[in-house]
Amino acid sequence: MDESSITLLLRLIIAHLLADFVFQTNGMVKGKRENGPRSSQFRWHLVIVAVLTYLFIADWANWWAPIAMAIAHGIIDWIKISIKKDNMWIYLGDQFAHFISIILLWMLLIPKPIAAMIDLSSFEFHSTFLIIAIAYIIVALPSGVLIGYLTKSWQEQLSDKQNQESLKDAGKWIGIIERLLILTFIIFNQWEPIGFLLAAKSVFRFGDLKKGKEQKKTEYILIGTLLSFTLAIFIGLLVQLMIN
């Protein structure tokens with residue numbers, strides 16, 4: 001099995017992650033939800049999907065594959081918008097549908113897709129690099145979105161005053177940094193710093209909980225921290241399994 005078959009799949013996954021989580025702004029998401037497929041934000045998002053797919057396939061004569069991916073992506077997003085709900089299961093279902101569309105396109109692009117999925121013995125350096133790149137993107141952005149859905153009910157219990165006491169997007173960036181650090185520690189098989197990181201973050205918030213101040217917010221942060229650590233550790237172990 002030619003290793004380029006597997007690296008092509010990994011490149012398609014990276015293209016999707018970049019299009020959906022890095023280059024899709026909050027304004028684009030809001031515009032899509034409010035105005036649907038007719039919005040300029042929706043069209044621009046599909047253009048980004050097509051361009052990134054074209055660049056990561058790197059087959060410059062192949063125009064149908066990026067267009068097919070953009071059409072499939074648009075249909076899935078249109079279905080999600082039509083449901084008019086926003087919860088964790090809709091989010092997971094949307095990403096699962098995108099992943100299936102990626103698999104189907106990949107199967108059309110290579111001659112023996114089933115053999116490629118079964119035979120992973122030819123993994124080399126660039127395959128490992130792509131797997132690690134995918135893991136870093138996932139722990140940085142998609143994981144944060146998932147944690148947001150998982151903690152949404154608790155977030156709604158916090159008062160506006162409690163929410164205003166935090167720096168804008170500070171919690172988001174703290175979560176991203178901590179997950180990136182955890183993934184890095186696991187890749188280098190360094191588990192001790194993970195325990196230190198968890199202990200240090202817990203100590204910062206324990207004072208408020210002990211004094212009875214902002215108890216809800218403290219508990220919310222601790223729950224988010226544990227979810228963040230759990231996801232990062234799980235993805236890190238999965239990466240170790242795949243590359244070792």
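Leaving aside neighbours within four places in sequence, L46 is in contact with A70, H73 and G74, where contact means heavy atoms within 4.5 Å. L46 lies in helix α3, and helices here are DSSP runs of H or I with at least four residues, numbered from the N terminus, while strands are E runs of at least two. Please keep in mind that this is a predicted model, in which local features need pLDDT of at least 70, side-chain atom pairs count only at pLDDT 80 or more, and totals for chains, interfaces and linings use all residues. Residues are numbered from 1 along each chain as its sequence is written, and side-chain values use heavy atoms, with hydrogens and water left out.

- L46 is buried, with a relative accessible area of 18%; buried means under 20%, exposed over 50% and partly exposed in between, with a 1.4 Å probe and protein chains only.
- L46 and P66 are 20 residues apart along the chain, and their C-alpha atoms are separated by 9.8 Å.

**How α3 meets α4**

- Two packed helices are described by the angle between their axes and the distance between the axes.
- For α3 (residues 40-57) and α4 (residues 64-83), the axes come within 8 Å and cross at roughly 145°; axes are lines fitted to C-alpha atoms over the stretch in contact, and angles run from 0 to 180 degrees between N-to-C directions.
- On the α3 side, the residues making this contact include F42, H45, L46, V49 and Y54, and on the α4 side they include P66, A70, H73, G74 and W78.
- By class, the contact has twelve nonpolar, four polar and one charged residues; Ala, Val, Leu, Ile, Met, Phe, Trp, Tyr, Cys and Pro count as nonpolar, Asp, Glu, Lys and Arg as charged, and the others, Gly among them, as polar.

**N62 in the connecting loop**

- N62 sits in the loop between α3 and α4 and is buried, with a relative accessible area of 8%.
- The side chains of N62 and W64 are joined by a polar contact of 3.2 Å, meaning a pair of N or O atoms within 3.5 Å; within protein, one must be able to donate a hydrogen and the other to accept it, and residues adjacent in sequence count only if both atoms are side-chain atoms.
- A polar atom of the N62 side chain also lies 3.1 Å from the backbone nitrogen of A65.
- Not counting residues up to four places away in sequence, N62 touches Y54 and L109.

- Residues 41-57 are 100% helix and 0% strand, with end C-alpha atoms 24 Å apart.
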